[in-house]
Amino acid sequence: MKILVINNDGGGFADYVEVAEGTTVKQLFDRQVGGSKPQNYLIRVNRLPVSAEQALQDGDRISFTPVKIEGAA
Amino acid sequence: MTMLSLRTMVRMAVRLQSRLPPSTEFPDFSPAIAAWQQLLQANARLEFVRQRAWPTAQLSVTSEVARAASLVRLRLEDELNICKAIKPARATATLRDVLADLQALGREFPELRIDLRLNQLSVVTEPINLEEVPLGRFEIVVRCDQLDEYRAYHVMALDPSPAASNSDTIHPHVQDGILCEGEGHHAIRAALSQGRLWDFFVLVRQVLQTYNGSSAFVSLERWHGSDCGDCGDLMSDDDITSCERCDSQICLDCSASCEDCGHSYCSECRGLCHNCDQYVCMACSRACTGCDHHFCQSCLQAGRCAACVEDLPPENSPDEHQDLASPEAPPPADAAIQPLRLGEVAVPA
């Protein structure tokens, strides 16, 4: 199934990816972000907060946004 | 949560979607066509020299044709890569996406504001506290007709609590309404250019909620101002300097330069020359060996001040004393009028 993945970490990435049926939010996070802790990100499916074990559906929009983003002067 | 009418949201969504920047780069084959023209000309020269059986010329023109052919291939490959990269579904948000973003923003933020007259879309954040410094609520404002411009948005303080030293700094990373995006720059620009407004506002909010002490317009430690270490007055950013000996922060009025070394010091690290009243630092001042007062180096002579030098008892030799004190003694009565000098001999009369 195809879902829109938005990774707002670093340079920003937004594209459709193919995932297997039944893929959970946590599984996709580990694949896309990997090496980071989920609590350091705002994870939203279709712009709503979700549980890590929620299974993704075809056409879902999932975003990962870092909680801490340092500005500058 | 904001209660805006669906009609208002739809009208704003239509305006926003129509102003989204172009989706992606489109191919331009004119460089490849120009390279092809050069190849045709080089090939015509090759035909010319081949018909005349000029072997040397054939070699050089063949190299020229090969270079022109390589350039054609390079230009074509560039444009083919661009053709393959075009993906409109990723590049630009649809009207449905924009409307969904607006509805979600109304849930994500305490307040969503749509001003159709001013063509502005904005959200209001929760009150922001950074390291126990309350900064209040902020409004992130986007001009719908400037989405593709670098300054597409600005940040306003709704409960102003700016830095004491600079009223234009309403947040450690916001000055004159402009957020210095830092780590969030590329993601914020990508979200704006792709019309992902929900992502854009959330990203800006996360930057506002994060303090970067190593790069702030005004640090939170100095948010409520710095007091001069000497006079105690509150100092503005333009008025702060530091003592070059103890590093204490002082205002420009309290800073003074040493007469001898020229460096600037606070009142604790400098004194006054006992003679000329000029400022002199601890390192440069010297005590007179006679009176023990402190002086700058130019007011001391062999370790003594002028007053102590005058009080010195005379210590010079008698001859010297005489030469100095009395006029020249008259010569003996029988001295020759013109005595013999070196190289001379007396000639009898």
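**Entry 1: chain A**

I began with the surface of chain A in this predicted model, and I noted that the chain exposes about 3,600 Å², with carbon and sulfur atoms supplying 48% of that area. I then looked up how much of the chain is covered, and found that buried residues make up 47% of the 73 residues in chain A.

Next I followed the chain from its N terminus and wrote down the order of its elements as β-β-α-β-β-β, which gives one helix and five strands in chain A. I also looked at contacts in chain A between residues at least 6 apart in sequence, and of these 51% join residues at least 24 apart.

**Entry 2: where the two chains meet**

I turned to the contact between the chains, to which chain B gives 34 residues and chain A gives 23 residues. The area buried between chain B and chain A came out at about 2,300 Å², and carbon and sulfur atoms give 53% of it.

I asked myself how many residue pairs are in polar contact across the interface of chain B and chain A. The count is twelve residue pairs, with both residues at pLDDT 80 or more. On the side of chain B that touches chain A, the elements giving two or more residues are α4 (88-91), α5 (95-108), α6 (185-193) and α7 (197-208) of chain B. From α7(B) come seven residues, the largest share of that side. Sorted by class, the side of chain B that touches chain A has 14 nonpolar, nine polar and eleven charged residues.

**Entry 3: salt bridges**

I found 13 salt bridges listed over all chains of the structure, and three salt bridges across the interface of chain B and chain A.

I looked up the pair B:Glu108 and A:Arg44, whose side chains meet in a salt bridge at 3.6 Å, N to O. This pair crosses between chains, with B:Glu108 in helix α5 of chain B and A:Arg44 in strand β3 (residues 41-45) of chain A. I noted that both B:Glu108 and A:Arg44 are buried. I also saw that A:Arg44 and B:Glu108 belong to a network of salt bridges that includes B:Arg205.

For A:Arg47 and B:Asp101, I noted a salt bridge in which the closest N and O atoms are 2.4 Å apart. Because A:Arg47 lies in the loop between β3 and β4 (48-49) of chain A and B:Asp101 lies in helix α5 of chain B, the pair joins two chains.

I then looked at a salt bridge within chain B, where the side chains of B:Arg143 and B:Asp145 meet at 2.9 Å, N to O.

**Entry 4: B:Glu139**

My last entry concerns B:Glu139, which I located in strand β5 (residues 138-143) of chain B. Why does B:Glu139 count as buried? Its relative accessibility is 7%, so B:Glu139 falls under the 20% cut-off for a buried residue.

I looked up the polar contacts of this side chain, and found one with the side chain of B:Arg113 at 3.1 Å and another, of 2.6 Å, with the side chain of B:Ser122. Leaving aside neighbours within four places in sequence, the residues in contact with B:Glu139 include B:Val123, B:Val124, B:His154 and B:Leu158.

Conventions. Residues numbered from 1 in each chain as written. Chains lettered and ligands numbered in written order. Predicted model: local features only at pLDDT ≥ 70, side-chain atom pairs only at ≥ 80, totals over all residues. Heavy atoms only, no water. Helix = DSSP H or I, 4+ residues; strand = E, 2+ residues; numbered from the N terminus. Buried < 20%, exposed > 50% of the residue type's maximum accessible area, 1.4 Å probe, protein only. Contact = heavy atoms within 4.5 Å. Areas by Shrake-Rupley, 256 points an atom, 1.4 Å probe, with all protein chains shown as cover. Buried area = accessible area lost by both parts, 1.4 Å probe. Salt bridge = Lys/Arg side-chain N within 4 Å of Asp/Glu carboxyl O. Polar contact = N/O pair within 3.5 Å; in protein donor to acceptor, adjacent residues only side chain to side chain. Nonpolar A, V, L, I, M, F, W, Y, C, P; charged D, E, K, R; others polar.
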